[in-house]
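Student: I have a model to go through. Can we take it step by step?

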Amino acid sequence: MFSYLKKLDSTATESQFGWIMATSSLGHCIGCFILGWWNSRASRSAPPMHCGFLLMLASNLVYLLVDSVPPSWVAHVMMLSRLLGGFGMGNSSPMRTCASLHSTATDRSKAMASISGGRSVGTVVGPGLQLMFLPLGELGITIFPGILSLHSNNAPAFLGIVLTMVGFVSLIVLFEEECAEESDKKAIADFENQYNTVKEEYPSSDVIAMLICMLTRFVQNFMQISIETLAPAILMMMYFQTRQEAVASMATTYLTTGFIATVLYLLIIFTKLSAIVRDKIFNSLVLLLFVCHLLATYSWQFYTSHVLDRGFSNETLTGCDETHFTWCSNLTISPEWIFYIGYILSFGLFMPFINVANATLYSKLLNPDNQGTQQSLYDISNTTARIFAPIFITLIYSAYGPRRAWESLCLLLLFTTFLWIIFDKRLVPLKPIQKQMFDNDGFEQEKSPKTKLVS
């Protein structure tokens with residue numbers, strides 16, 4: 001998207017692109033909370049999900065207008081498109097709530113893998129599909145002369161419209177949601193009170209444990225979005241790739257990452273691989289593996305190649321612009337193959353495990369009867385990362401270079417890992433408290449413990 005923005009508005013900057021990316025996340029935060037609250041109040045998941053699909057459809061339609069607006073409007077139209085798309089992605093909260101309420105503790109990992117896997121794979125594979133649209137070129141096929149054409153930059157929006165319509169129709173035709181009436185719920189409760197001698201009540205959820213899970217969700221996505229945001233600029237600056245080459249390189253990387261992640265999610269869902277996913281261990285382990293990824297791709301001083309070995313090109317925008325970045329003079333080049341391998345391993349092989357482990361543990365920390373609002377907070381922790389990561393990382397990159405950006409991400413990951421170690425005993429599933437009940441003259445009372453008097 002950054003290369004497309006630069007094509008339509010040559011005055012656009014990296015910071016402006018960061019704000020465009022953050023707009024989607026802001027909309028996602030608002031959408032998650034509203035649709036999650038709607039789900040809790042209505043006790044139904046289908047209506048909020050319908051609304052989410054319609055908003056995503058509107059987002060793609062607005063994106064198609066970017067070609068036909070003046071250059072000074074391009075960034076604003078992109079922001080509006082991303083904002084509407086963010087609102088639509090808020091349907092992840094009712095989806096996650098539905099999966100949690102209709103699964104048991106033993107198959108919760110499979111249910112969460114279905115939700116997390118579908119979304120995560122789509123997030124990774126989506127940009128990778130750009131590769132299949134490259135043959136269309138910059139000009140593409142004219143649909144409405146002077147108004148709309150299909151080319152390599154807006155073709156994903158056309159595909160998004162098709163997929164959104166398929167999802168919307170499938171939700172209407174295939175998804176059946178049965179909700180008990182209030183009278184039925186009252187009858188069941190009266191029956192249980194009359195014949196059951198044991199009443200189960202869930203205590204309040206551990207707020208500290210919830211916050212650690214939400215922080216982990218924030219940090220893992222903060223790292224991924226940060227690297228995705230900087231990847232095109234790094235490929236053009238450090239590895240001297242043109243805009244088209246950078247798009248093709250990252251598209252191939254996204255597709256490879258998505259393929260590996262898809263295979264892992266399918267294995268978790270349909271095999272016994274979910275049995276080895278230990279919630280707490282996998283969270284801490286994957287966070288440390290992310291740190292290893294950053295250390296492997298860091299521009300260490302012992303590398304012999306420098307970004308100034310080749311001059312900056314105003315035509316292709318390749319190389320490091322000394323007039324714009326003061327940190328170019330001492331920046332070394334890490335091996336390019338490590339950059340790709342590190343990304344594929346971290347977000348294709350490691351990310352699925354932490355997605356499933358963290359989402360599963362978080363759902364077990366909550367009262368299983370009503371999780372709509374709490375699940376929206378979990379999704380908001382993800383979307384908050386999408387708001388701050390592009391802004392924060394582009395500001396650091398512009399002022400201090402990729403080294404300081406990598407160091408900041410390492411500190412954030414290590415701090416989160418430290419919290420998992422410190423609060424290990426509090427990160428356990430919520431268990432109901434059983435209370436013995438008996439009938440006394442038509443009134444249900446709690447049985448008092450018997451005490452023995454000793455004289």
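Student: How many salt bridges does the structure hold?

Tutor: This is a predicted model. Side chains of opposite charge can pair when their charged atoms come close. The number of salt bridges here is three.

Student: Asp 206 meets which residue in a salt bridge, and how many residues apart in sequence are the parts that the pair ties together?

Tutor: The side chain of Asp 206 meets that of Arg 426, at 3.0 Å from N to O. Asp 206 lies in the loop between strand E3 and helix H10, and Arg 426 in the loop between helix H15 and strand E4, so the tied parts are separated in sequence by 220 residues.

Student: How is helix H2 oriented to helix H5?

Tutor: H2 spans residues 14–42 and H5 residues 92–101. Their axes are 7 Å apart, at an angle of about 45°. That angle makes H2, relative to H5, oblique.

Student: In the contact of H2 with H5, how many residues are charged?

Tutor: H2 brings residues including His 28, Cys 32 and Leu 35, and H5 brings Pro 94 and Thr 97 among others. Three of the contact residues are nonpolar and six are polar. The charged count is none.

Student: Which helix gives the most to the nonpolar surface patch?

Tutor: The patch has about 620 Å² of accessible area together, and includes Trp 37, Trp 38 and Leu 377. Leu 377 lies in helix H14. Six residues come from the top contributor, H2.

Terms used: Residues numbered from 1 in each chain as written. Predicted model: local features only at pLDDT ≥ 70, side-chain atom pairs only at ≥ 80, totals over all residues. Heavy atoms only, no water. Axes fitted to C-alpha atoms, helices over the stretch in contact; angles between N-to-C directions. Helix = DSSP H or I, 4+ residues; strand = E, 2+ residues; numbered from the N terminus. Parallel < 35°, antiparallel > 145°, perpendicular 65-115°, else oblique. Contact = heavy atoms within 4.5 Å. Nonpolar A, V, L, I, M, F, W, Y, C, P; charged D, E, K, R; others polar. Patch = residues over 30% accessible without salt bridge, like charges linked within 9 Å, V, L, I, M, F, W, Y side chains within 5 Å. Areas by Shrake-Rupley, 256 points an atom, 1.4 Å probe, with all protein chains shown as cover. Salt bridge = Lys/Arg side-chain N within 4 Å of Asp/Glu carboxyl O.
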